[in-house]
Amino acid sequence: MSESQGPEGTTQRLPVIEKETGPDTLDQSASAADYEPPPALDAEDGANRRFWSARRIPAAIMALLLFVIAGFFLYDIASVRADRPAMRWRRELARGLAERPLDDTWVLVGAGVAAVLGLWLLVLATTPGLRSVLPMRRTHPDVRAGLHRELAALVLRDRAMEVSGVQSVRVRMRRKRADVRAVSHFRELDDVRADLDATLAGAIKGLGLTRPPALSVRVRRPGRKG
């Protein structure tokens, strides 16, 4: 209840509507520090594996090559069916393949190129790709999230710069390891390294990655000028 002055100077009590807080509502007075993120789901069905690349550029190149080659052969076959002579390039190709021995240089080069191309296609078909995206833990079965390695490195660098004694930091984020190179201009190097280990370990845990990378920290003094 609150009070207000009426038109004749009298005091009146105004009604106040209070909202009840049920079991399913959040208390607005609770601090952000009391909030705990939802637990991650178990990776029973391989849901936390790496992201697969669509590989649009290799697929477009192969589709274009197959389209051109198939178009030439179909045009030549249609010409032969129409009682017209075969194209000169196909006659030369057939004669060359029939006359050249298997140990000929150009035959070996063509076989090597075909083998490398086939191996490349097999690698693309059996590997997920997108090495720059680190999969994050899933808290919902219908939602997948990933974090780019450059952004993860930026987060670690910012956290490392908060440590007392750190002058500059260089972070290289890999899929399985985070290499941190720091320069300290005061304090003992062992103390700075211990603080960096503790701070960055918490930062890596806070990234929410499925497979947190190992941490490698090195601290040195700045080089002499001149």
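**A helix and its cover**

Tutor: Happy to. The cover over the buried residues of H4 includes strand E4 (146-148), strand E5 (166-173), strand E6 (177-184) and helix H5 (189-206). Please keep in mind that this is a predicted model.

Let us look at the helix itself. H4 runs over residues 149-161, which makes 13 residues. From its first C-alpha to its last it reaches 18 Å, close to the 18 Å expected at 1.5 Å a residue. Its buried residues are Ala152, Ala153, Leu156 and Ala160. These residues cover an arc of only 100° around the axis, so they sit on the same side of H4.

Now for the charged residues. Arg157 and Asp158 join their side chains in a salt bridge, at 3.2 Å from N to O. Arg157 has a relative accessibility of 32%, so it counts as partly exposed. Asp158 is partly exposed too, because its relative accessible area is 39%. As a general point, side chains of opposite charge can pair when their charged atoms come close.

Arg177 forms one with Asp179, and their closest N and O atoms are 2.9 Å apart. In this pair the arginine, Arg177, is partly exposed at 36% relative accessibility, whereas Asp179 is buried at 6%. Another salt bridge brings together the side chains of Asp195 and Arg187, at 2.8 Å from N to O. Asp195 is partly exposed, with 31% relative accessibility, and Arg187 is partly exposed as well, with a relative accessible area of 27%. There is also a network: Arg174, Arg177 and Asp179 are joined into one by salt bridges that share partners.

For comparison, have a look at another helix, H3. It covers residues 105-126 and has 22 residues. The span from its first C-alpha to its last is 32 Å, close to the 32 Å expected at 1.5 Å a residue. Its N-terminal end is capped by Asp104, which has a side-chain oxygen 3.0 Å from the backbone nitrogen of Trp106.

Pro128 has a relative accessible area of 17%, and anything under 20% counts as buried, so Pro128 is buried. What does Pro128 touch, leaving out residues up to four places away in sequence? The answer is Arg50, Phe51, Trp52, Ser53 and Arg55. Take Trp52 from that list: it lies 76 residues from Pro128 along the chain, yet the C-alpha atoms of the two are separated by 4.2 Å.

One last stop is Asp76, which has its place in helix H1 (residues 56-81). Is Asp76 buried or exposed? Its relative accessibility is 0%, so Asp76 counts as buried. Apart from its neighbours within four places in sequence, Asp76 is in contact with Ala86, Met87 and Arg90.

To go back to where we began, the picture of H4 has two parts. Its buried residues, Ala152, Ala153, Leu156 and Ala160, have a cover that includes E4, E5, E6 and H5, while Arg157 and Asp158 pair in a salt bridge.

Note on methods. Residues are numbered from 1 along each chain as its sequence is written. This is a predicted model: local features need pLDDT of at least 70, side-chain atom pairs count only at pLDDT 80 or more; totals for chains, interfaces and linings use all residues. Side-chain values use heavy atoms; hydrogens and water are left out. Helices (H or I, at least four residues) and strands (E, at least two) are DSSP runs, numbered from the N terminus. The expected span of a helix is 1.5 Å times one less than its number of residues. A polar contact is a pair of N or O atoms within 3.5 Å; within protein, one must be able to donate a hydrogen and the other to accept it, and residues adjacent in sequence count only if both atoms are side-chain atoms. Buried means under 20% relative accessible area, exposed over 50%, partly exposed in between (1.4 Å probe, protein chains only). Contact means heavy atoms within 4.5 Å. The arc is that of the directions from the helix axis to the C-beta atoms. A salt bridge is a side-chain nitrogen of Lys or Arg within 4 Å of a carboxyl oxygen of Asp or Glu.
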